[in-house]
Amino acid sequence: MRRISAAAARRTALAAQGFGKRKPAVTNRRSIQDALSKTQLLQLDSVSAVVRAHYAPVFSRIGAYDRALLDESAWSHSARHPRKLVEYWAHEAALLPVEDWPLMRWRMAQFEHGRWNQAKRVLEHSPTLGKDILDVIREAGALTAGEVEKHLELDKPKSKDHWGWNFSDTKVICEQLFAAGELSVDKRVGFARHYDLTERVIPPEVLARQISGEDAYRELIRRAATSLGIATEPDLRDYYRMHRSQTEPAIADLIDAGELEPVEVEGWGKPAYLHTAAKTPRRVEGAALLCPFDPLIFFRPRTERIFDFHYRIEIYTPEPKRVHGYYVFPFLLDGQLVGRVDLRAERASGRLLVPGAFAEPGHGTPETAAALKNSLREMADWLELDEIVIGAKGDLAPLL
């Protein structure tokens with residue numbers, strides 16, 4: 001079995017995710033699609049402390065771009081610019097290529113009655129609500145859950161569930177129908193989902209495609225392996241949140257097909273699999289701020305294994321107990337995670353706030369601070385924020 005150094009594995013992983021390339025002088029639809037071809041998916045999240053999570057990974061890879069072009073890819077449709085992305089539960093809620101939608105049919109079957117138990121409880125006392133919602137949307141077109149309620153003359157909020165969300169019965173069933181594949185998301189306005197019948201969102205030729213579970217698992221692992229470059233089985237499994245019983249046979253098939261090579265990576269302590277088309281550059285240069293949900297780092301055990309970087313999101317940690325801050329971006333510089341910054345976009349005053357800036361051991365240098373300063377300026381310009389305000393927390397703050 002081939003042995004690969006930890007440094008080479010790190011460069012392989014970065015290259016697979018689209019890092020180390022020179023950022024395009026001009027960004028357009030093609031450069032956005034090139035970034036998406038590396039990540040395969042973009043995780044969605046409601047937190048907008050800086051910018052919505054799905055916008056940030058593209059910025060990290062290609063620099064400043066028009067976010068309206070990504071919106072157009074996901075939530076617009078015309079003969080000239082057909083929909084490129086669609087929402088579904090991939091790695092959590094995510095945007096993925098429209099053509100990948102049939103690969104999730106097995107999960108839609110699994111979620112026939114919703115992702116949680118609320119839908120079952122709602123339908124016990126409102127057994128026709130699902131049909132009523134579908135009838136309203138069929139007649140009226142894409143609607144938010146609130147708009148559906150108005151059509152149905154309903155207003156019955158439920159008590160908060162275990163996530164702390166206060167979903168009405170209608171919202172619960174809209175989500176159940178979305179998870180089951182009967183509804184899809186036509187667009188978002190103010191980040192609110194506008195549900196529509198799936199046959200009006202997914203192109204007919206894609207909707208008609210039937211893929212067996214085993215073929216879908218294999219294809220998803222192929223995509224994960226392409227995006228990760230080199231990975232353990234848990235890494236591959238996490239990318240689309242699959243089960244070990246699905247991933248292990250798929251990995252074996254891809255090894256037999258010559259698409260994956262079992263390798264040993266120095267210091268990993270677990271079997272690893274190298275995609276045979278993956279590139280291992282001699283060096284990875286450049287800087288990038290990574291949002292907490294960037295595909296390069298969203299599986300925290302992999303982040304720690306590859307970069308020796310312990311990272312936890314602290315949004316739900318009480319403020320006095322936070323170590324680094326509310327919404328912290330790791331800072332990638334020349335192939336290593338060298339620091340982290342707590343960021344906040346204060347749009348009303350046109351300021352990018354940096355309450356804290358922290359260096360990793362050995363990287364609290366003027367060179368790190370200078371590169372971070374440039375990246376913060378690039379982000380502020382992209383978000384149309386004039387001023388950058390540096391706080392007092394962290395050992396990088398004085399250098400900034």
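The protein averages a pLDDT of 94, and 97% of the residues score at least 70; pLDDT is the predictor's confidence in each residue, from 0 to 100. The model is a predicted one, in which local features need pLDDT of at least 70 and side-chain atom pairs count only at pLDDT 80 or more, while totals for chains, interfaces and linings use all residues. Residues are numbered from 1 along each chain as its sequence is written, and side-chain values use heavy atoms, with hydrogens and water left out. Over residues 159-165 pLDDT stays under 50, and the model has eight contacts for this stretch beyond four places in sequence (contact: heavy atoms within 4.5 Å).

Because six of its eight residues (300-307) are buried, α14 is largely enclosed by the rest of the structure. Helices (H or I, at least four residues) and strands (E, at least two) are DSSP runs, numbered from the N terminus; buried means under 20% relative accessible area, exposed over 50% and partly exposed in between (1.4 Å probe, protein chains only). The buried residues of α14 are R300, R302, T303, R305, I306 and F307. Their cover includes helices α1 (6-16), α11 (213-228) and α12 (233-239), along with strands β7 (230-231), β11 (328-333) and β12 (336-346). Just after α14, D308 takes a positive phi of about 50 degrees.

The loop between α12 and α13 (244-256) holds R241, which is partly exposed at 35% relative accessibility. Leaving aside neighbours within four places in sequence, R241 is in contact with A90, H91, E92 and R107. R241 and W89 are 152 residues apart along the chain, with their C-alpha atoms separated by 8.9 Å.
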